[in-house]
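User: Hi! Could you walk me through this one?
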Amino acid sequence: MPNRMKKETMDELFRAILSLNTIEECYEFFEDLCTMKELADMAQRVETAQMLLEGKTYEQIVKSVEISTATISRINRCIQYGSGGYEKVLSRIHKPAQDDKTSAATNT
């Protein structure tokens, strides 16, 4: 029974997140839901994942993001062996920029 309750609680959280329509709604919801430190940590992890996917070294990431190598290593393990969440989300949010570069290169 506890596992089912845990799943229902998580599902409710994810439904709440999926209901957000704008960046402003995200700010409002997440500022109520999380501490500023938690938000900053999550943003830092997403930035780190993007840098790892771009092939940046741990040293470059530490200097740029000011994150520990232990956290970088954890994020890297998620990218290498996890469920693919980082890649899926980051490819979606960065796809327009990549498409713009592709069209610019084609038009030159």
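Analyst: Happy to. E66 counts as exposed, at 67% relative accessibility; exposed means over 50% relative accessible area, buried under 20% and partly exposed in between, with a 1.4 Å probe and protein chains only.

User: Where does E66 lie?
Analyst: E66 is in the loop between helix 4 (58-65) and helix 5 (69-81). Helices are DSSP runs of H or I with at least four residues, strands are runs of E with at least two, and both are numbered from the N terminus.

User: And what about phi of E66?
Analyst: Phi of E66 is near 55°, which is positive in a residue other than glycine.

User: Good. What should I know about the model itself?
Analyst: The model is predicted: local features need pLDDT of at least 70, side-chain atom pairs count only at pLDDT 80 or more, and totals for chains, interfaces and linings use all residues. Residues are numbered from 1 along each chain as its sequence is written, and side-chain values use heavy atoms, leaving out hydrogens and water.

User: Thanks. How many helices and strands does the chain have?
Analyst: There are 6 helices and 0 strands, so from the N terminus the order reads α-α-α-α-α-α.

User: How much of the chain is buried?
Analyst: Of its 108 residues, 15% count as buried.

User: Switching to D32: is it buried or exposed?
Analyst: D32 is exposed, with a relative accessible area of 71%, and it lies in helix 2 (residues 23-33).
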